[in-house]
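Hi,

Here is the structure I promised to pass on. Have a look at it first, and then read my notes below.

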Amino acid sequence: ANVELILYPKDKLECGDDRLLLQAKFTCYGGVLRKNGNVVASDAEPGVSWFQEPEDDCTGCKAPWDVEYPFGQEVTFYMISGSGNVVNECGQGCKSAVRKCLDDGTWEGDDQYFVDFTLQACPNDCSDEGGGAPPRVCLLPWQNSYVTPDSVVPMWKKKTVGWGESCQDHFKLGRCEMSTGTFDAGFEYIYPSCTQVCN
């Protein structure tokens, strides 16, 4: 008789395991054992145990800080950066990203993109010498000098514009924000002036 069995190399499936990729189809016909269609020698896989119906041991997603969250839960991940959308007491920033725990025990989104998002919170402790928070000033993008909070500086995102374009389209007044130590105009506004060239 032709015997057919689907077996698995483990008795418990962990988060991220793909049941279909793990399963092996064993058939026995005419005294010949085959695995996924290939003949298996009797000593081909010594010490390998096979299981018929593994338990699903995946109950949620594990975060880098060793806490497991249930399926469907959205969790905020943080990474330290020079500036970001979350600011700590030092005036430094953290970028944050919200990721959802998917049903297969993985986090939504491309892991490569989120590789540095490993913190549960933006650290608040100020590690600067003296313990006091540094003055929150803004560094001008085009020279190594600072302006004080609430200073307003004309900024352009293009140094030169061609015929038919206006410097005014690339202009903003950037205000130095005390909470972040950055200009509110945006990171692309990096020039102190703009010139229109006719070509």
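(Buried means under 20% relative accessible area, exposed over 50%, and partly exposed in between, with a 1.4 Å probe and protein chains only.)

Before going further, some housekeeping. This is a predicted model, where local features need pLDDT of at least 70 and side-chain atom pairs count only at pLDDT 80 or more, while totals for chains, interfaces and linings use all residues. Residues are numbered from 1 along each chain as its sequence is written, and side-chain values use heavy atoms, with hydrogens and water left out.

Back to the rings. Phenylalanine 26 pairs with tryptophan 50 in an edge-to-face arrangement, 5.1 Å centre to centre and with 75 degrees between the planes. (Rings of Phe, Tyr and Trp, the last by its six-membered ring, pair if their centres lie within 6.5 Å; planes under 30 degrees apart are stacked, over 60 edge-to-face, and the rest tilted.) This pair links distant parts of the chain, 24 residues apart: phenylalanine 26 is in strand E3 (residues 24-29), and tryptophan 50 is in the loop between strand E5 (38-39) and strand E6 (55-56). (Helices, H or I of at least four residues, and strands, E of at least two, are DSSP runs numbered from the N terminus.) Tryptophan 50 is partly exposed, with a relative accessible area of 25%.

Tyrosine 113 and phenylalanine 117 make a stacked pair, because their ring centres are 6.5 Å apart and their planes are at 25 degrees. A search of the whole structure finds 9 aromatic pairs, and Trp65, Tyr69, Phe77 and Trp107 form one aromatic cluster.

Two arginines also sit over rings. The charged end of arginine 99 is over phenylalanine 77, 5.7 Å from the ring centre, and that of arginine 19 is over tyrosine 8, 5.6 Å from the centre. (For this, NZ of Lys or CZ of Arg has to be within 6 Å of the ring centre and within 35 degrees of the ring normal.)

Now the core. The largest nonpolar core has 12 residues in all, including Cys61, Trp65, Phe77, Cys101 and Phe117. (Such a core is a set of buried Ala, Val, Leu, Ile, Met, Phe, Trp, Tyr and Cys residues joined through side-chain atoms within 4.5 Å.) Strand E9 (residues 74-81) gives the most to this core, with 3 residues. Apart from it lies another core of 9 residues, among them Cys138, Leu140, Val147 and Met155. Leaving out residues up to four places away in sequence, phenylalanine 117 touches Pro64, Phe77, Tyr78, Met79, Lys95, Ser96 and Ala97. (A contact means heavy atoms within 4.5 Å.)

How many disulfides does the structure hold? There are 4, a disulfide being a pair of cysteine sulfur atoms within 2.5 Å. Here are three of them:

- Cysteine 61 and cysteine 101 have their sulfur atoms 2.1 Å apart. The torsion about the S-S bond is about 85 degrees, so this disulfide is right-handed. Cysteine 61 is in strand E7 (residues 60-62), and cysteine 101 is 40 residues away in the loop between strand E11 (93-100) and strand E12 (138-139).
- Cysteine 94 is joined to cysteine 122, S to S 2.1 Å. This link is right-handed too, with 80 degrees about the S-S bond. Cysteine 94 is in strand E11 and cysteine 122 in the loop between E11 and E12, 28 residues apart.
- Cysteine 167 and cysteine 194 have sulfur atoms 2.0 Å apart. Their link is left-handed, with -80 degrees about the S-S bond, and both cysteines are buried.

Glycine 181 is in the loop between strand E16 (171-177) and strand E17 (182-183), and touches Val137 and Cys138, not counting residues up to four places away in sequence.

Finally, the chain as a whole. The protein chain has 1 helix and 18 strands, and buried residues make up 26% of its 199 residues. Among contacts between residues at least 6 apart in sequence, 53% join residues at least 24 apart.

Cheers
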